[in-house]
Amino acid sequence: MKEVQYKMIVLDMDDTLLNDDHIISEENKEMIFKAQEMGVYVVLASGRPTSAMTAYAKELKMDHYNSYMISFNGSTITDLKEDKVLFEHALTKEQIHSLYDFSKQNNTHIITYLGEQIISERHSEYIDVEATITGLELLIVPSFKDAVTTSAVKCLLLEEPSYLKGVEAVLKNAMPDLSVCMSKPFFLEAAPNGIDKGAAIQVLAERLNIHQSEIIAVGNAGNDLTMVQYAGLGVWVDNVDAELREFGDVIVASNNNHGVAEVIRKYILN
């Protein structure tokens, strides 16, 4: 029987494609270029805002190879060659305000994104991490609700990891109309129901006439679970959260040891 030929590889960014210094290693870059030269779609899929992914996509020449980005954990799909948004689904103002109320009741920080700014009522060490990762301006406002008068693609609730893990279950129960997942131990993401990386990959794959058996997805965290389970080959890098290890098909080297390059070498080039 002929081995499956993979036509798309979907890569989480932080702690998967990027090493701990937020850099794409030369090993990963070389293998990604080879995959693209073979005609394989390389898709970046991240919880990051679109603007915090674009420089990495251009570094990988993804706009030249006519590929795509999935940002905000699946809320937005962008065609890089055309520089055009193909899909976007946002939280309503009312949902965001309800999340703010929930956050206050459960003693977490909350942020959302408007334009090129992160909106928050206060500073925290965890919010500073997000501002550093994304490169977006952090705007401290006197009233979160007064500042957020339109829809926005997602919210983040932030707090110390062991406490926030308990809040995750409470939020899922309190607001079942939302898609809720952990992207880092101190980041709890909330997006519209049905929005996640797996669902976004399905939308893109159908548009490109690619079957899920022809897709590889590589990740490391809870917000990657839906895409790892959807793909024909679901891959975790070795630094995957311990409770997720059993839900992938294979485990490769860590983000600091060029796990993405290993995947491409083993399953696309060979």
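This is a predicted model: local features need pLDDT of at least 70, side-chain atom pairs count only at pLDDT 80 or more; totals for chains, interfaces and linings use all residues.

**Entry 1: the largest cavity**

I looked up which elements line the largest cavity. Helix 1, helix 5 (125-134), strand 10 and strand 11 each give at least two residues to that lining. Helices (H or I, at least four residues) and strands (E, at least two) are DSSP runs, numbered from the N terminus. Helix 5 supplies the most, three residues.

Residues are numbered from 1 along each chain as its sequence is written, and side-chain values use heavy atoms, with hydrogens and water left out.

I wrote down what a cavity is. On a 1 Å grid over the protein atoms alone, a cavity is a set of points where a 1.4 Å probe fits but cannot get out. A pocket is an open set with protein on both sides within 12 Å along at least five of seven lines. Lining residues have an atom within 4 Å of a point. Grid points are joined across faces, edges and corners, and a volume is the space filled by probe spheres set on the points.

How many cavities of 30 Å³ or more are there? I count two by this rule. The largest cavity holds about 170 Å³ of space. Its lining has 21 residues, and Asp14, Gly47, Arg48, Ser183 and Lys184 lie nearest its centre. I sorted that lining into five nonpolar, six polar and 10 charged residues. Here Ala, Val, Leu, Ile, Met, Phe, Trp, Tyr, Cys and Pro count as nonpolar, Asp, Glu, Lys and Arg as charged, and the others, Gly among them, as polar.

**Entry 2: the second largest cavity**

The second largest cavity has a volume of about 60 Å³. I found Tyr100, Ser103, Lys104 and Phe144 among the residues that line it. Helix 4 and strand 6 (109-114) are the elements that give two or more residues to this lining. Helix 4 has the largest share, three residues. The lining splits into three nonpolar, four polar and three charged residues.

I turned to the open spaces next. The largest pocket contains about 500 Å³ of space. It is lined by 31 residues, and Cys181, Met182, Ala221, Gly222 and Asn223 are the closest to its centre. Strand 10 gives the most to this lining, with six residues. Helix 7, strand 11 and helix 9 (225-230) are among the elements that each supply at least two. I sorted the lining into 12 nonpolar, eight polar and 11 charged residues.

The second largest pocket has about 220 Å³ of space. Of its 16 lining residues, Thr50, Phe72, Glu88, Gly115 and Glu116 are the closest to its centre. Strand 4 (76-79), strand 5 (84-88) and strand 6 each give two or more residues to the lining. Eight of the lining residues are nonpolar, six polar and two charged.

**Entry 3: helix 7**

I checked the length of helix 7 (residues 161-174). The expected span of a helix is 1.5 Å times one less than its number of residues. For the 14 residues of helix 7 that gives 20 Å, and the end C-alpha atoms are 20 Å apart, so the two agree.

Which residues of helix 7 are buried? I found Leu164, Val167, Glu168 and Leu171. Buried means under 20% relative accessible area, exposed over 50%, partly exposed in between (1.4 Å probe, protein chains only). An α-helix has 3.6 residues a turn, so residues three or four places apart point the same way. The cover over the buried residues of helix 7 includes helix 4 (93-105), strand 9 (155-158), strand 10 (178-184) and strand 11 (187-192).

**Entry 4: two histidines**

I looked for positive phi angles. Histidine 22 has a positive phi of about 60°, although it is not a glycine. Histidine 22 sits in the loop between helix 1 and helix 2. Histidine 22 counts as partly exposed because its relative accessibility is 31%.

Histidine 258 has a positive phi of about 65°, and it is not a glycine either. I located histidine 258 in the loop between strand 14 (250-252) and helix 10. At 26% relative accessibility, histidine 258 also counts as partly exposed.

Technical notes. Contact means heavy atoms within 4.5 Å.
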